[in-house]
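Please keep the sequence and the model open while reading.

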Amino acid sequence: MERNPGGPEFRIQNQFTKYLQVAVIRTRNRYLAKKQWLDNREMFYDADSRNGFDDLLGRKQYDDSLITELELAFTVAALLEQLPENARTIVRLRVYQRYDFDEIAAITGISYVNVRNIYYRAIRRLRSQMDEQEFY
Amino acid sequence: MNRNFIDFLKEAKAGDDQSIQAIIQLYSPLLFNVATVDQRFDEDLYQELVITLLACIKTFDPS
């Protein structure tokens, strides 16, 4: 198919191009706004990530008489087991073995961007599950 | 022998893969430009734009 050479017979194509331009700019703005929002969240989470799960999950001080460290460790391990295989691997590499995202990307063969996405999605999921279990 | 855009659009609307591919190819430079943010090509954004293009094919009314 030829690129649009102009002229009245290409009126429909011009209309479609304009229609598409409006839609893609809207998609781009929405995408960038969402990305900005996620980046801000990730910076917030990442500030703590090298201190292990307690800080990472934003766990507040809890009453020792209600729940012991051991119980918590088992719960985190159990929740971790429920994650999909690739997310579990990435979280372990990142939190327990302290690899950087680019190192994890090289190890797993998943792209850098995807590693980050999978990791932060997993952390959010763990957080919300911990919330449900009222560990905070 | 070149078929015109309206034919492609009609067939793409009906779900013809080859016509859809032809339209994506036609507009890929536009999508590529829009998906380039701060002089870096963002592949995820490009994919979103292709999805937008597919939606536009469905919703555009050429009458």
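## Terms and basis

A contact means heavy atoms within 4.5 Å. On that basis, residues 24 or more positions apart account for 59% of the contacts in chain A with a separation of 6 or more.

This is a predicted model, in which local features need pLDDT of at least 70, side-chain atom pairs count only at pLDDT 80 or more, and totals for chains, interfaces and linings use all residues. Residues are numbered from 1 along each chain as its sequence is written, chains are lettered from A and ligands numbered from 1 in the order in which they are written, and side-chain values use heavy atoms, with hydrogens and water left out.

## Chain A overall

Chain A holds six helices and zero strands. Its order along the sequence is α-α-α-α-α-α. Helices (H or I, at least four residues) and strands (E, at least two) are DSSP runs, numbered from the N terminus.

Of the 136 residues in chain A, 35% are buried. Buried means under 20% relative accessible area, exposed over 50%, and partly exposed in between (1.4 Å probe, protein chains only). The accessible surface of chain A is about 8600 Å², and carbon and sulfur atoms hold 51% of it. Accessible areas come from the Shrake-Rupley method with a 1.4 Å probe; for residues, only the protein chains shown count as cover.

## Helices α4 and α5 of chain A

Two packed helices are described by the angle between their axes and the distance between the axes. Axes are lines fitted to C-alpha atoms, for helices over the stretch in contact, and angles run from 0 to 180 degrees between N-to-C directions. In chain A, the axes of α4 (residues 85-96) and α5 (residues 101-108) come within 10 Å and cross at roughly 135°. α4(A) is therefore oblique to α5(A). Angles under 35 degrees count as roughly parallel, over 145 as roughly antiparallel, 65 to 115 as roughly perpendicular and the rest as oblique.

From α4(A), the residues A:T89, A:I90, A:L93 and A:R94 meet A:F101, A:I104, A:I107 and A:T108 of α5(A). By class, this contact has five nonpolar, two polar and one charged residues. Ala, Val, Leu, Ile, Met, Phe, Trp, Tyr, Cys and Pro count as nonpolar, Asp, Glu, Lys and Arg as charged, and the others, Gly among them, as polar.

## Helices α5 and α6 of chain A

The axes of α5(A) and α6(A) come within 9 Å and cross at roughly 105°. That makes the pair roughly perpendicular. α5(A) supplies A:F101, A:D102, A:I104, A:A105 and A:T108, and α6(A) supplies A:Y112, A:V115, A:R116, A:Y119 and A:Y120. The residues of this contact divide into seven nonpolar, one polar and two charged.

A:Q129 also lies in α6 (residues 112-132) of chain A. A:Q129 counts as buried because its relative accessibility is 14%. A:Q129 touches A:L79 and A:Q82, leaving aside residues up to four places away in sequence.

## Chain B

Chain B has three helices and two strands, in the order α-α-β-β-α. Of its 63 residues, 40% count as buried. Chain B exposes about 3900 Å², with 50% of it from carbon and sulfur atoms.

Most residues other than glycine have a negative phi. B:D38 has a positive phi, near 50°. B:Q39 has a positive phi of about 65°. B:D38 lies in the loop between β1 (36-37) and β2 (40-41) of chain B, and B:Q39 lies in the loop between β1 and β2 too. B:D38 is exposed at 72% relative accessible area, and B:Q39 is exposed at 78%.
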